[in-house]
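I set out to record, entry by entry, what I looked up in this structure.

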Amino acid sequence: MNKKYLFKRNNTWWVKVPVPLYLRDDMGFDLRKSTGEKDLDKALLARDKIVPELKSKFVSVPQKNQFAESSFEERTTYFDYASTTPVDERVIEKMKDCLSFEGVFGNSGSRSHVYGWKAEELVEEARVNVSKLLNCDPREIIWTSGATESDNLAIKGAANFYKSKGKHVITSKIEHKAVLDVCRQLEKDNYEITYLDPDEKGVISPAAVKKAIREDTVLVSLMHINNEIGVINDIEEIGNITRANNVIFHVDAAQSAGKVPMDLSSLNVDLMSFSAHKIYGPKGIGALYISRKPRIRLQPLFHGGGQERGIRAGTLPTHQIVGMGEAFRIANEQMEMDHQKLTNFRSILWNGLKDMEEIYVNGAIENSFPGIFNLSFNFVEGESLIMALKNIAVSSGSACTSASLEPSYVLRALGRPDELAHSSIRFSFGRFTRKEEVENTVNLVKNSVSKLREISPLWEMYQDGIDLDKIEWA
Amino acid sequence: MAYSQKVVDKFEETLNNPEKASVGRWKPGDEDFHRVGTGIVGAPACGDVMKLQIKCKNIDGVNRIVDARFKTYGCGSAIASSGQLIDMLKGKTLEEAQAISNQEIVDILELPSIKIHCSVLAEEAIHRAIDDFKSLRTND
C-alpha cells in the first residue's frame, strides 16, 4: 500500500507535503492537513485530493532564491552558470516521482505491463516538452547522455553514414572540445577538417562558411552560443547556405537552448545538440535533434536494445528525461523573464566596471547572450584575480586554471594576445542570481584588480609608459 | 585545484598589506640605488612575471642583503612564492642567497606539482638580481 504523504496522529490519518527548499522561508518545512479519516482506505482517497491542493500553494508563492536564508557574505556567489546550473526545485519534484517503487520506476521499453507503459508515457511527455521549446516534431528528438554524446553522435554519425559522398567537414577554432576532439578523431580516420577563424568578436561569418564548402563537404558543425564569450552565431543564414549546397548542418546548442528563442521548423538546421544541466535540469541527460525533412541519417555509436529507433540504444533513464522535459518546459515559460534579468545584470556589472583602465570585453555586448560576460583586466593574471575574489565562483581563460597550462584557445582565436587571455574572467549569471550579488561584485572586482595591479610589475611598467611589446622577456 | 592554506595565507598577506610584505620598488634617484640589484624573470605571454630587487650592504667585508622588494604578475602561487622568497632573503649574504633552491619554497608552501614552475621562477629571480648587483659592482 502506497502511504506516501500520509502519517498518523491521534488515530487519525494526516497528509504531510514537504515544501520545496526555496519556499521554506515563507512556508515552513512542510504543509499538513488532517484527512479526518481513521480508516486508511478512506484516508487514501482523501489524500489524493489534499496533496494537489497543498502543492498548488507552492505555485502561488513567487519563486525566490533558494539560498536566500544565508547572507551574501556567508555564501560564495555562483557566477559560473555557463559551466553548470543548479536543478530547479520544480524539476527535482518531477524527477523524484520516477525512482521508487511508489513512483514511475518502470522500464519504458517494457511493452507488456503498466509499469512500462507509464514510464513510456512520461518519456514521451518530456519529448513533447523539449520539442515545444524548439518548435520541432517530437519524433525528431533522440535522448542521449548529454551534449558531448550528442555532438559525437551527430558528427561521427553523419560523417560515417555519408562518407561515400565525401570526407570533408567544416567547423571553427572556437568550438567546444566535444566538437573539436571529435573532429581530431575524424582526422585520424582520414577525414579532412577545415577549422574556420572567427572574427575578432568571435562570430563565424556565413560568407566564410560558404567559401569553405567544397564538392566533398558532408558536414558543417558550429555552435550557436559560444560557452566562453556568449557570442551568438547566425545559424539562420549559415543554414540557408548549407541547405543550398546540400551539406548537413549540425549546431551545438548546449548554451542556447531555452535561453534564446529558437524555431527549428524555420531554421535549416539538420542536427542540434542539447544538454539539460545548462538550463536547470539534471546532469547526465541531453538530446539530439535529427531532422526528418530532409531526413538525416546517422550511424549509431551504441548498439543494443534498439531504443530510440535504433539510433541510440540503452535503457532510457526516466527520471533524467522527465527532469530535462520539465526544465525545458519551464525554460519555455520563463525565457523572456530570465533573459531580461540577465541583460540587466550584465548592464549593472558593465556600467560599474567600464571606466576602469585597461579593461576589455572578450566577444561583444551586442549580438551575445547576456548570461555570459567575459572580461580581461590587463596586467592582472586571471587565477590570482579569482583567488582575490574569493567569495565569487567564476572561471578564467588563464592558463593557470587549466590542466594544460595553456591560455584559452577561444580567446587566442579571437586574436587576443596571450597576456589578455591570461587576464580573462568569465562572469556567468543565471536564474538564481540576485541583483545584490551583481552589485556587490562591482566593488569587489574594482578593489581586487587595483590591489593586484599594485603588486604587478607590468602595471608599473605601463604606468611608467614602457611599451611591454618592446621588452625582450627572459 | 586547491592550494594549501599556506599559499592562500601568503597570497592574502601580500595582497592586503603590500607594504609589510615588501611589495614595491627602488627606482633611479632613490638613495642607495647604486646598491640595488634587479632581476626580472618570466613573460606576460606565459602568465608570470617576477621583478625582484635586493639592496646589499658591505658588512665586515661581505655583501649582505639588507632589504628586498618585489612585484609579481602571475597566479596565486607565483605571488605567494615571491613573498616567501623575500622572507628567506633578508639578512643573507649573496652566497647564501645564491644557494636558495626552489625546493625549499615548494616545501614551505606545499606547492602542488603543477605549480612548481612558480618556485623555479623565484629561484631564477634571485640569481638574476645577484648577477645584476655584481655587474653594478664591477662598474664601480
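My entries follow, starting with conventions.

**Conventions.** I noted that this is a predicted model, in which local features need pLDDT of at least 70 and side-chain atom pairs count only at pLDDT 80 or more, while totals for chains, interfaces and linings use all residues. Residues are numbered from 1 along each chain as its sequence is written, and chains are lettered from A and ligands numbered from 1 in the order in which they are written.

**Glu326(A).** I located Glu326(A) in helix α9 of chain A, residues 318-353; helices are DSSP runs of H or I with at least four residues, numbered from the N terminus. I recorded Glu326(A) as buried because it has 25 C-beta neighbours inside 10 Å; the cut-off is 20 or more other C-beta atoms within 10 Å, with C-beta atoms placed from the backbone. Not counting residues up to four places away in sequence, Glu326(A) touches Arg90(A), Val91(A), Lys94(A) and Asn129(A), where contact means C-beta atoms, placed from the backbone, within 7 Å. Glu326(A) and Asn129(A) lie 197 residues apart in sequence, yet their C-alpha atoms are 7.1 Å apart.

**Chains A and B.** I noted that 24 residues of chain A are in contact with 22 residues of chain B. On the chain A side, α10(A) gives the most, with 4 residues.

Key: Helices (H or I, at least four residues) and strands (E, at least two) are DSSP runs, numbered from the N terminus. A residue is buried if 20 or more other C-beta atoms lie within 10 Å of its own, exposed if 12 or fewer, and partly exposed in between; C-beta atoms are placed from the backbone. Two residues are in contact if their C-beta atoms, placed from the backbone, lie within 7 Å.
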